[in-house]
Amino acid sequence: MNWLGGQKEASAGRSGIVTVLDIGSSKICCIIGRLKPCAESERLPGRTHQVRVIGIGHQKSLGVKSGAIVDLDAAEQAVRLAVDAAERMAGLTVESLIVNVSAGRLKSQVFSSTVNLGGHEAGEGDIRRVLAAGARQAQRAEREVVHSLPVGFSLDAERGVRDPSGMIGDVLGVDMHVLTADAAPLRNLELCVNRAHLSVERMVATPYASGLSALVDDEAEMGAACVDMGGGTTTISIFAEGRFVHAEVLPIGGGHVTMDLARGLSTRREHAERLKVMHGSALPMADDDRDTVTIQPMGQDDGDVMQHVPRAVMNRIVRARVEETLELVRDRLARSGFGNVVGKRVVLTGGASQLGGLPEAARRILARNVRLGRPLGVAGLPEAAKGPAFSTAVGLLIYPQVAAMESRQPQGGFMRFRATGTGGPFGRVGRWIRESF
């Protein structure tokens with residue numbers, strides 16, 4: 001019987017079940033999917049399995065701010081409700097799941113390591129040795145390792161080697177992209193899930209998951225940035241030659257636009273959100289000065305009357321925050337050292353990316369080609385979950401297919417991730433893919 005994340009199925013002879021939990025600042029979403037081997041597609045050739053959604057549940061997020069747990073009781077309740085809805089729809093019980101992480105000041109670093117070959121061919125054992133050496137370097141960092149991925153090999157003085165297997169040389173080297181985070185936010189995230197009587201199978205960085213679901217293969221191969229604009233955070237992932245090479249997280253998102261509107265127009269947050277969705281725009285519109293929007297009063301007193309203000313007033317507030325966010329994204333891309341790798345390709349995704357005029361504003365500020373990215377490569381999603389807001393959750397479903405890229409120790413298991421401080425069974429994800437099919 002094959003399994004993933006602790007779910008068991010009587011008929012799971014050829015398929016596996018994967019459960020994911022997207023804990024965001026605006027919504028908490030649980031998706032249960034069935035993975036089946038599939039023929040290679042031209043558009044997404046890296047996908048070895050077809051994913052079909054069999055259960056989905058989502059709740060308004062509670063107790064989460066900028067991706068971090070700030071109220072354990074409230075967050076636990078929202079997680080329970082989301083998972084319960086997905087379980088009912090799928091008709092099975094979840095025991096453990098893959099969870100996203102965007103808190104903990106995620107930081108990308110590159111570590112290099114080498115091993116001597118002595119002039120013979122590079123075999124699987126040599127590759128395992130050099131990856132393990134890179135992994136050990138990463139674990140010396142004071143922070144917790146979330147991902148440790150090889151981004152390129154070198155053989156003697158030749159860099160850019162994709163697969164050194166069978167090649168002859170004296171020194172084999174590897175560059176490892178290591179994504180680290182502060183320990184406390186990760187432990188609190190796991191504690192929240194544990195309190196709902198669930199265990200964390202693996203933590204996956206939000207930018208990595210979003211890039212996996214929103215980028216087509218050509219973009220990941222040639223080099224592109226995926227900018228996921230969520231409710232409380234904006235994350236940036238950079239892919240090159242099909243590999244995840246850099247990540248950034250900004251503690252700013254669509255929720256900040258809503259709060260600016262609520263303060264600036266002196267109205268309730270719920271009404272400010274509705275105004276943003278219905279009438280908000282990141283670009284000046286020709287009829288902004290003529291059109292008016294109705295502002296509901298903050299209180300219920302008879303003295304409070306509804307106000308009518310030009311839409312231009314509202315959209316000036318929206319644009320100020322959007323432009324600030326996009327300028328920060330532009331500066332982070334420039335500082336990352338991967339600006340040339342990205343070239344002109346930027347994909348916007350996440351719930352906040354659906355704001356009117358945002359792709360056009362991003363093209364102007366980032367000076368790059370920008371498109372709106374929706375989750376790709378997963379079947380069975382309900383219509384309401386096919387938009388950019390669900391890119392992270394869908395990316396978590398795709399992750400097991402690329403989990404084998406994570407660096408391994410010589411014993412053949414995965415590097416022992418310290419991310420949650422519990423020594424959980426993280427190796428099972430990739431091992432399940434390798435052994436089941």
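## A buried pair of tyrosines

In this predicted model, Y208 and Y399 are both buried. Their rings form an edge-to-face pair, because the centres lie 6.1 Å apart and the planes meet at 85 degrees, where over 60 degrees counts as edge-to-face. Since Y208 belongs to helix α4 while Y399 sits in the loop between α11 (391–398) and α12 (428–436), the pair ties together parts that are 191 residues apart in sequence.

## The aromatic cluster

The structure holds four aromatic pairs. One of them joins Y208 to F244 in a stacked arrangement, with 4.5 Å from centre to centre and 10 degrees between the planes. Because Y208 lies in helix α4 (residues 206–214) and F244 in strand β14 (residues 243–250), this contact ties together parts that are 36 residues apart in sequence. Like Y208, F244 is buried. Ring pairs link Y208 and F244, together with F239 and Y399, into a cluster.

## Strand β11 and its partner

Strand β11, which spans residues 199–205, is mostly covered, with six of its seven residues buried. Strand β6 (residues 96–101) pairs with β11 in the parallel sense, and six bridges connect the two. Within this pairing, R202 of β11 is the bridge partner of I98.

## A charge over a ring

Elsewhere, a lysine and a phenylalanine come together: K27 lies over the face of F390, at 4.9 Å from the centre of the ring.

Definitions and conventions: Residues are numbered from 1 along each chain as its sequence is written. This is a predicted model: local features need pLDDT of at least 70, side-chain atom pairs count only at pLDDT 80 or more; totals for chains, interfaces and linings use all residues. Side-chain values use heavy atoms; hydrogens and water are left out. Buried means under 20% relative accessible area, exposed over 50%, partly exposed in between (1.4 Å probe, protein chains only). Helices (H or I, at least four residues) and strands (E, at least two) are DSSP runs, numbered from the N terminus. Two strands pair if DSSP finds at least two bridges between them. Rings of Phe, Tyr and Trp (its six-membered ring) pair if their centres lie within 6.5 Å; planes under 30 degrees apart count as stacked, over 60 as edge-to-face and the rest as tilted. A charge sits over a ring if NZ of Lys or CZ of Arg is within 6 Å of the ring centre and within 35 degrees of the ring normal.
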